Every structure is written in structure tokens, then in C-alpha cells.
Amino acid sequence: MEYISCPEAANKWGISERRVQKFCEDGRIPGVIKFGRMWMIPKNAEKPSDPRRKK
């Protein structure tokens, strides 16, 4: 499986790097792993919905 970093995911999804880190910490992205201090996100992962936004 191929992985991308938080900055790459943030750029891909159009959100901040910190928001991606928070999604990882909260377990909202399936298949994510922590490698040292860095989160590794599966390349094919989809952007989770933001619970702060109301529909």
C-alpha cells in the first residue's frame, strides 16, 4: 500500500495540515499509521466529512 504525508493530503484535499493531523488523531481516516512523529495516510484515502460543518 502506498502512503502520503499530512502536507500532501492537505494539499490534495484543500484543507490545512493541522486539520489533517486532527483527523488522524481522532481516527477519522481509515488505514492511517503513525511513523515516529509523522502520520502516514493511505494514498487512496478519502477526505472525511468535517463535523464542524452543518448541512
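1. In α1, the residues Cys-6, Ala-9, Ala-10 and Trp-13 are buried (under 20% relative accessible area, with a 1.4 Å probe and protein chains only). They cover an arc of only 100° around the axis, which puts them on the same side of α1, the arc being that of the directions from the helix axis to the C-beta atoms. Among what covers these buried residues of α1 are β1 (3-4), α2 and β3 (38-42), where contact means heavy atoms within 4.5 Å, and where helices (H or I, at least four residues) and strands (E, at least two) are DSSP runs numbered from the N terminus.

2. This is a predicted model, in which local features need pLDDT of at least 70 and side-chain atom pairs count only at pLDDT 80 or more, while totals for chains, interfaces and linings use all residues. Residues are numbered from 1 along each chain as its sequence is written, and side-chain values use heavy atoms, with hydrogens and water left out.

3. Helix α1 (residues 6-13) packs with helix α2 (residues 17-25) at an angle of about 110°, their axes being 8 Å apart. That makes α1 roughly perpendicular to α2 (65 to 115 degrees). To this contact α1 contributes Cys-6, Pro-7, Ala-9, Ala-10 and Trp-13, and α2 contributes Glu-17, Val-20, Gln-21 and Cys-24.

4. Ser-5 lies in the loop between β1 and α1 and is buried, with a relative accessible area of 13%. Leaving aside neighbours within four places in sequence, Ser-5 is in contact with Met-38, Trp-39 and Ile-41.

5. After α1 comes Gly-14, whose phi is positive, near 75°.

Definitions and conventions
Axes fitted to C-alpha atoms, helices over the stretch in contact; angles between N-to-C directions. Parallel < 35°, antiparallel > 145°, perpendicular 65-115°, else oblique. Buried < 20%, exposed > 50% of the residue type's maximum accessible area, 1.4 Å probe, protein only.
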